[in-house]
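Hello,

Here is the structure I promised to send over. Have a look at it first, and then read on for what turned up when I went through it.

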Amino acid sequence: MIKSKAKELEDKIIVFICLMVIAICLFPMLNIFARSLSDPLAIVRGEVSFWPVEPTLDSYRFVFLDPSFSRSMIWTIILTFVFTTFALTMTVMAAFPLTYDNLKGRKLINTIIIITMYFNAGIIPNYLLMRSLGLLDNPLVLILPGSLSVFNMIILRSFFYSVPDSLRESAEIDGANPFTVLMKIYLPLSLPVLATLSLFYAVGRWNGFSDALMFMTSAPDFHPIQLKLFNIINNLASIEVAAQEGIAGGIPAASDGMKAAAVMIATIPILLVYPWLQRYFISGVTIGAVKG
């Protein structure tokens, strides 16, 4: 009885902590959403908290009327899809060969790969490298440099290690080559971890900002949504300062609603990815396991 009460108290504490974490993550988003739909004067009066006051879609109209924002959104969706597909392919190609014990130089390759996790050349050498490769203001600069995460590769390699060698050996006895073993055995068993890594890559690329800021200075048509959002907020901030100083007309708080609308538009698409991948997270790691 005492043990059951202690377990019940432990469960309640865990539920309380989870609810607090949810509230910490959810309330700021609710505030931004409310600001994006509220009247600018209500924002000035400080009446907006977690529910829109005098709802209006003017902020969203302003953002959508900017054709460059729509182009940036479409480009970022394409970029995220291409980058995630390419990065996941590179990760699989790097992780799978390292599961073979007879691979020559396997330990040396593992050591070199791990070293790259702790040592980085820095921003200036990276910029010089991109320039020497002719990737400045080239969309490929947003895909190639970050197409292989060592951390993600180690996660996938560790998962491959957990696959019984007997599965691979039985396939090889039947005449399967390494590519067939990968496609028919390892990848079907790896759907949950592949879905997780896909989410990591997609979120990382969608939220990517610094690489586009440094390497895409003269190619505004290929600015991802986060850089476009940064430029919008900066421009609106300048308008707001000018309005406050009497240099330009307008309501300063109108820019606050427009910022919130831009943030919501840039955030919603990547949030929709989570429910789509959720079914893979709960499928378990024994998919396709041999019976018996």
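A quick word on naming before anything else: the helices here are DSSP runs of H or I with at least four residues, and they are numbered from the N terminus. Please also keep in mind that this is a predicted model.

With that naming in hand, let me begin at helix α8. Just after α8 comes G175, and its phi is positive, at about 100°. The helix itself covers residues 165-173, and L167, R168 and A171 are its buried residues. Looking down the axis of α8, you will find these buried residues within an arc of 95°, so they line one face of the helix. And what covers them? Part of the cover for the buried residues of α8 comes from α9 (178-189).

Next, the aromatic rings. How many aromatic pairs does a search of the whole structure find? The count is nine. One of them joins F27 and F50: the ring centres are 5.1 Å apart and the planes meet at 40°, so this pair is tilted. The two residues come from distant parts of the chain, with F27 in helix α1 (residues 2-37) and F50 in the loop between α2 and α3, 23 residues apart. F27 has a relative accessibility of 40%, so it counts as partly exposed. F50 is also partly exposed, because its relative accessibility is 42%.

Another pair is W75 with F222. Here the ring centres lie 5.2 Å apart and the planes are at 75°, so the pair is edge-to-face. This pair, too, links distant parts of the chain: W75 belongs to helix α4 (residues 67-95), while F222 is in the loop between α11 (210-215) and α12 (225-244), 147 residues apart. Are the two partners buried or exposed? W75 counts as buried because its relative accessibility is 16%, under the 20% cut-off. F222, at 33%, counts as partly exposed. Elsewhere, ring pairs tie F96, Y100, F160 and Y186 together into a cluster.

Leaving aside residues up to four places away in sequence, W51 touches A34 and S38.

One last stop is R61, which sits in helix α3. Its relative accessibility of 45% is why R61 counts as partly exposed. Which residue is 197 places from R61 in sequence, yet 9.1 Å away in space, C-alpha to C-alpha? That residue is M258.

Best wishes

Technical notes:
Residues are numbered from 1 along each chain as its sequence is written. This is a predicted model: local features need pLDDT of at least 70, side-chain atom pairs count only at pLDDT 80 or more; totals for chains, interfaces and linings use all residues. Side-chain values use heavy atoms; hydrogens and water are left out. Buried means under 20% relative accessible area, exposed over 50%, partly exposed in between (1.4 Å probe, protein chains only). The arc is that of the directions from the helix axis to the C-beta atoms. Contact means heavy atoms within 4.5 Å. Rings of Phe, Tyr and Trp (its six-membered ring) pair if their centres lie within 6.5 Å; planes under 30 degrees apart count as stacked, over 60 as edge-to-face and the rest as tilted.
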